[in-house]
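Here is a short report on how two chains meet and how one of them is built. Start with the structure itself.

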Amino acid sequence: MRPPRLFRTTPFRLTLLFLALFAAAASAFLAYIYLATAGEVTRRADAGVSREMQSLEAVYRRGGFAALNQSVIERSSADRALLYLLMDKAGAPISGSIAASPVHDFEGDRDWASFVLTQTDVDGGVVKRPARGLQERMPGGELMFVGADVGESESYVVRILRALWGAGALVIVLGLAGGLLVSRNVRRNIGSLTDVIEAARGGDLGARAAVRGTGDEYDELASGLNDMLARLERSIGGLRHAGDAIAHDLRSPLTRLRARLEVAMIEADAGRADPKLALHQALDDADGVLRTFAAVLAIARLEAAGDAPSQTVFDPGALAADMAELYEPLCEEKGLEFKAELVPALSLKGNREFIAQALANILDNAVKYTPAGGAVMLRVRRRSSGDVEISVTDTGPGVPESDRGRVVERFVRLENSRNEPGVGLGLSLVAAVARAHRGHLELAEGPGALDGTGPGLRVALVLPKVG
Amino acid sequence: MRLLIVEDDLEAAEAMVKGLAEAGHECKTAPDGGAGLAAASADRFDVLVVDRMMPRIDGVTMVERLRAGGDQTPVLFLSALGEITDRVAGLKAGGDDYLVKPYALAELIARVEALARRRETGSVQTLLRVGDLEMDLIGREVRRAGREIDLQPREFQLLEFLMRNAGQSVTRTMLLEKVWEYHFDPQTNVIDVHISRLRSKIDKGFDKPMLQTVRGAGYRLEA
């Protein structure tokens, strides 16, 4: 049989562990107290016994055996706590308060002994009490025993011990109760997270854990989990969407391609037309499909990678200057004014190749959509937040505000870009590059309507500062 | 020239052989890295075209072993993996160029020829000459028929690449890769504009145009 769930929780196990540790420490403590107290009691009794023995010896030295015997008789009859026994040289009792010496096998002149004193109390019951005593040979050869009843002191020690054990038991009971309470609390908090994970495992990626706003570790865990689920949801949603989009955007040109080839074959069979033209068109179709495919793949790989791979620190101004040099003649050819405003010596951490590709896509779009006589402006600057902004502003028709959010979403433009596969995907790829660098893509109106053109578009790739 | 094509997709290999034969090259094929190694050591080739992903011994391993054995025949990697890291891994293994699948046949031919040419002119040159066009690589000067032509730094690099591959087609992607060092496919005709600028400088005022457009492939500098 397995123990109830509550007892299997980590906090409960930790409680048990701590209780065990505490019990071990408490036992060691008790043992120390016992040894110290008991030792003290014995030492005190021994000291009292030694003093009495010295005084009896003094009596013997002063008055000899008779005086000692007299003194032992007196002391024994007086209500003293000590026990006395005077014996002759052979150990036969002469006088005292006990009948026989508890010291057996006496050798030498002096010997300590611990023993049990059996007494009858007032009610006639037999009481056994621990005692200690010292036996010595007097200068004349007689034996003298002095003992002390240590029962009183020992029972005191026992009482202390009992109290300590009681306290220990109480601590254990309270500790267990506390452990159960903590476990229940933890289980309640973790339980809601476990429910969310269970739901996610069941396919419901929309499930979110409650964040209570206390900012404690459960909240951190919950918001981390929520963040992860959101990313996963976006990723999987993107894949689903990408699947549809790829099907749509690749199936149409492939169908066209297939039809063209089929017709060309029929016509060639009939000897009516030269298949060369059809082949050229088919090649163009195939190239279009491959381009779309490459873009979709690049976006998907970027999304899957999380953070962009192979990141280095580089100067975005230098990169932009390079791209400006590449695109400037194209603008000129199209009758566009090209300007670049690049703040030098900024630094940016990222995959240079991806960022170059993103910037090329933005510039491609700007050149493609801006009519002759317009202008394209490339700018690199640092925002007050420290983020690096790489922006391209054109004087083309722009994108209506209501569509700007959608354009940045992945694959959205695919649906509308039947004839220009590169375009919508271009910005999707830029957005994916931005996300892979923990930055974002901003679309805004350009310089405004002017001489029948505009209002233009401003596309900004905003990337977080280094460090 | 003689080429060895190491490719496990036999149909793709066959198409390549046809295309390259059409361009006047003699090809042998090998279906995997082991066979490729054997063929490369048994025979002399001008360029090896090696697929990266093959069963048993893959392309990278094959080229690593080839290079370890001292064989310096130029290698063009073909790969479905086009990420920059994949490219770097291929070049590190000893590849000389990297072409991502799917590719246009014209692109493959242009790159193979460029590799073979680079091998021929292995020695360090300080003066390039194509017809009456001269380029002094140390003095950074270009003359055509003795008349000095003023070029921007990038135009100089562009012309240098074209001159080193004179008589052969070079594609737009090759130019973007080798002159600008970018590995993406621009949607616009950025490269064409640079070429036409260069053309206006080296061909204007001369009877014979040297910088020619090759339909479906790219450009060619002809003496």
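## Contact between the chains

In this predicted model, 21 residues of chain A are in contact with 17 residues of chain B. Two helices of chain B, H4 (84-92) and H8 (190-202), each supply at least two residues to the side that touches chain A. H8(B) gives the most, with four residues.

What is the make-up by class of the side of chain B that touches chain A? Eight of its residues are nonpolar, five are polar and four are charged.

Within chain B, strand S1 (residues 2-6) pairs with strand S2 (residues 26-30). The sense is parallel, and the pairing runs over five bridges. Val6(B) has Ala30(B) in S2(B) as its bridge partner.

## Packing of H2 and H3

Helix H2 (residues 33-42) and helix H3 (residues 59-68) of chain B have axes that come within 9 Å. The axes cross at roughly 30°. Angles under 35 degrees count as roughly parallel, so H2(B) and H3(B) are roughly parallel to each other. The crossing of H2(B) past H3(B) is right-handed.

Which residues meet here? From H2(B) come Gly33(B), Gly36(B), Leu37(B) and Ala40(B). From H3(B) come Gly59(B), Thr61(B), Met62(B), Arg65(B) and Leu66(B). By class, the contact of H2(B) with H3(B) has four nonpolar residues, four polar and one charged.

Definitions and conventions: Residues numbered from 1 in each chain as written. Chains lettered and ligands numbered in written order. Predicted model: local features only at pLDDT ≥ 70, side-chain atom pairs only at ≥ 80, totals over all residues. Contact = placed C-beta atoms within 7 Å. Nonpolar A, V, L, I, M, F, W, Y, C, P; charged D, E, K, R; others polar. Pairing = 2+ DSSP bridges. Axes fitted to C-alpha atoms, helices over the stretch in contact; angles between N-to-C directions. Parallel < 35°, antiparallel > 145°, perpendicular 65-115°, else oblique. Left-handed = near helix turned anticlockwise from the far one by under 90°.
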